[in-house]
Structure formats: structure tokens, C-alpha cells
Amino acid sequence: MAAALASRLTKGRSLLGGLTNAFSGLVSSSSGSILSQQQRTFIQMGTRLKVVDNSGAKEVMCIQSLRGKKGARLGDIVICSVKESATKVDVKKGKDAIQKGKVKKGSVVYGVVVRAAMQKGRVDGSQVRFDDNAVVILGIKEKKTDEKGKEKKQNYKGGFNQPLGTRVFGPVPHEMRLKKQLKILSLAQHLV
Amino acid sequence: MATSSHLLLPQALHMIPRIPSKNLGVSSLIPSVNSRISLSRVSLNHSSSNVGFAIGSRKRREFIAKAEESSTVGEDTEAVPEDVAETVEDNEVEEAKTPWKPRTKLGDVMGILNQKAIEVSEKVRPVPEIRTGDIVEIKLEVPENRRRLSIYKGIVMSRQNAGIHTTIRIRRIIAGIGVEIVFPLYSPNIKEIKVVSHRKVRRARLYYLRDKLPRLSTFK
């Protein structure tokens, strides 16, 4: 039994789960019991996120979080690399139309996290969490040097307020208002 | 209070050798002394010195009574009223002390504060009894929204009791995605809570709903 415990010591979380069996009700607040669920954490380098607008990308991987040392949370902006984009076969006309040739696989984009599996606290004491991680793409990051070899000016200081796509799918939290993403709020199907 | 009990033991150990007498009166004093000490750390030193004094004086008085008794049989009657006088004195002294209210112990303070806060909140808006498995509808006023009350419907996944910050966790599938929101029950932002129906569950926390089909968390 000591050996089993010792082997468990290497994993920080399970040790806590094993020892604080009786106190798990007190220790784990609203983030789900530590024993059965994984602790949801930040969005960091390597996190795969779903894209919920019609900008052309489908799945994206975070390569940098522009806010927070540990990673991004709900409402923060991240730099991502597109891993999977919509193929040519997909919708081209109508409301759902994918913006033609906007975002391709391998391009580096800025996105704002609209849904996070990690709970976000609000000022009135409530907390909200979603079942998945999702971004809305705001802009494409251009390469530093031009084709000719000159350095291009980076323009992300101004802040991103306009999403690249024209539609947003799924629920969107109120945090977007605080983050000045009003366009996304207006496009949203459902406000949480 | 763990630290105070830590301090308590050396005090108790220190006191015992000072009471070598076999007087029942003195030994019966000890439990009351202990209870008085457990009250607060601040008064610890204060009370111990008091106790020492009290025991010393008690001893002296009892010793005097004994001496008086042992001197002559004839003076028994005098000894007895002396004893009685002493006990009467003691009673009077104690009565002068006791008519104050029962002291609120430090450990009860948070409980009392929480109860008071809940009472205040219940006056404004009574909270129905909510248990895990209820399907509730909550009308929330969001200062950001400003227009209408937002409505949140869903199944209560868990209820965490913590005095005024008692929270319930509501789960619902919104626009295809599962959303869980934790609401503090006694929040002034919540304008109305209504229990719509109830689902039989055999658990206090329904975290298993996260892995199940979305159909089980959908509520029209």
C-alpha cells in the first residue's frame, strides 16, 4: 500500500484526490470533484480550439496566449495556427458562406476565446463554464518581413474588435461585452 | 482553537501540582476552570492567574475552617456558620457575575453572521427549497444587459451549502453546447427562482451528465 501511495505521489492531482477523500466536498469548489473529473485549466500553447465562425478555419491550435502567464481564459485573445480549414466542397453561397480564401491551413491568426471549459467567475458571484473550447478569429497575423525582405509594421496594438467572419455559432457569454467584442455579441445566436 | 488547546495543556499541568489537597471542593473547581480557559486565548493568562488566586484563597479559607473545627468541638457551631457564611459569600460573588448573557463563543460567530445575512435576504425574496435533480428556472437581472431579465433554465447538478454563499449549479444545452452556471442562491441579482419539475436522481452531484448524451440535459 505504501508503494501504491508512492507511485501516486508522482501525479500531483491524484494524490490530492486520494488523501482528501473526506474533504473533497469542501476543497473542490465548483470546478467538479477532483476524483472523477480533470481540473479544467487555461488555454495554452498546444491547445486545440474549435472555430465557431465562418471565416474558413475549422480547428486551430493555440501557439501563444496574449494575456496571462499561465494561459488564456474566457475572453482573452490568443495567437493560433490553423490546423484544419474548410475544404472547397463546403458551403459557398448563402448566409453560411465561407469567406472565400480568407483563412488557410497553416496560417497564423488572432482569435478571441468565446467558450472555455475552465470556469470564469463573474462579479455577482456566479461562475460559467462551457463544455468545449472555442475561438472566433479576429485577424490574420502577417509575416514580419515582406516578400522583398523589408520589415512590415505590426499593427496588433490597436486591439481587435472586428471578427473576420460574418456569423458566429453557438452560445456566447456576456464577457464579450467587457472585452469590447461587441460585434461578436450582436452576431451571436444566444447570449449566456 | 487548536493553538489555544496547545497552550491549555501546559497551563493545566502547571496547575495540578499546586493543588495537593484532597478537598473535593477544589477538585470540582478544576473542570469549571478548564471550561473558562477554553473560551479565548486572550483571557487565558488572565483567567489562569485568577484561578490561581481563587484556588489559593479557597484553600486558605477551607484550611481556616478546618483549623477552627479541629480546635474545639464546642466551636463547631461557629465553624459551621463560618462555612455557611463563606459559601454564601461565594454564591453572592458568583451571582454578581452570572446574570450576564451567555457568551458567544468564537467558533459560533460565522454561523450567526451567516444566519443573519440569510434572514435579511429571505425578507426581500424568499428562496424555495431546491434539491439536486430539480429543473429550475431562474430570472436574473444582469447589469450589463440592462434591458430585460435573463432567463436560465436547467437541471440542478449540485447544491453547495456555505451559509450566505450557498450555490446551485445549473446545467443546460444551449445552442448545441452544454453550459453550466453556478448561481449564488441568496444573490440580490436573482429576481425569481421557480422549480418547474423534478427528475428522480440517485445522487447528490450529477457530474455524470457531462459525459452523457446531450439529450439528457436539454430542457425546452
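The model is a predicted one. In these terms B:Leu106 lies in the loop between helix H4 (76-97) and H5 of chain B. With a relative accessible area of 58%, B:Leu106 is exposed, because a residue counts as exposed over 50%. Together with B:Val109, B:Met110 and B:Leu113, B:Leu106 makes a nonpolar surface patch of about 390 Å².

Further along chain B, the loop between helix H5 (109-124) and strand S1 (134-140) holds B:Glu129, which counts as exposed because its relative accessibility is 63%. When residues up to four places away in sequence are not counted, B:Glu129 touches B:Asp134 and B:Val195.

The charged pairs come next. Side chains of opposite charge can pair when their charged atoms come close. Over all chains, the count comes to 13 salt bridges. One of them joins A:Asp132 to A:Arg115, with the closest N and O atoms 3.1 Å apart. Since A:Asp132 lies in the loop between strand S6 (127-130) and strand S7 (134-140) of chain A, while A:Arg115 belongs to strand S4 (residues 108-115) of that chain, the pair ties together parts that are 17 residues apart in sequence. Both A:Asp132 and A:Arg115 are buried.

In chain B, the side chains of B:Lys139 and B:Glu192 meet in a salt bridge at 3.4 Å, N to O. This pair links distant parts of the chain, with B:Lys139 in strand S1 of chain B and B:Glu192 in strand S5 (residues 190-198) of chain B, 53 residues apart. B:Glu192 counts as partly exposed because its relative accessibility is 30%.

How far apart are the closest N and O atoms in the salt bridge of B:Arg171 with B:Glu180? They are 3.0 Å apart, and B:Arg171 counts as buried at 2% relative accessibility, while B:Glu180 is buried with a relative accessible area of 1%. Salt bridges that share partners join A:Arg129, A:Asp131, B:Arg169, B:Arg171, B:Glu180 and B:Arg210 into one network.

Turning to the rings, a search of the whole structure finds 1 aromatic pair over all chains. It is formed by B:Tyr152 and B:Phe183, and it is tilted, with 5.4 Å centre to centre and 55 degrees between the planes. Because B:Tyr152 lies in strand S2 (residues 150-160) of chain B and B:Phe183 in strand S4 (residues 177-184) of chain B, the pair ties together parts that are 31 residues apart in sequence. B:Tyr152 counts as buried at 7% relative accessibility, and B:Phe183 counts as buried at 2%.

Most residues other than glycine have a negative phi. A:Lys180, however, has a positive phi near 65 degrees; A:Lys180 is found in the loop between helix H4 (175-178) and helix H5 (182-187) of chain A, and is exposed, with a relative accessible area of 55%. For B:Ala175, phi is near 50 degrees, again a positive value in a residue other than glycine. B:Ala175 lies in the loop between strand S3 (167-174) and S4 of chain B, and is partly exposed, with a relative accessible area of 41%.

Key. Residues numbered from 1 in each chain as written. Chains lettered and ligands numbered in written order. Predicted model: local features only at pLDDT ≥ 70, side-chain atom pairs only at ≥ 80, totals over all residues. Heavy atoms only, no water. Helix = DSSP H or I, 4+ residues; strand = E, 2+ residues; numbered from the N terminus. Buried < 20%, exposed > 50% of the residue type's maximum accessible area, 1.4 Å probe, protein only. Contact = heavy atoms within 4.5 Å. Salt bridge = Lys/Arg side-chain N within 4 Å of Asp/Glu carboxyl O. Phe/Tyr/Trp six-rings, centres within 6.5 Å; stacked < 30°, edge-to-face > 60°. Patch = residues over 30% accessible without salt bridge, like charges linked within 9 Å, V, L, I, M, F, W, Y side chains within 5 Å. Areas by Shrake-Rupley, 256 points an atom, 1.4 Å probe, with all protein chains shown as cover.
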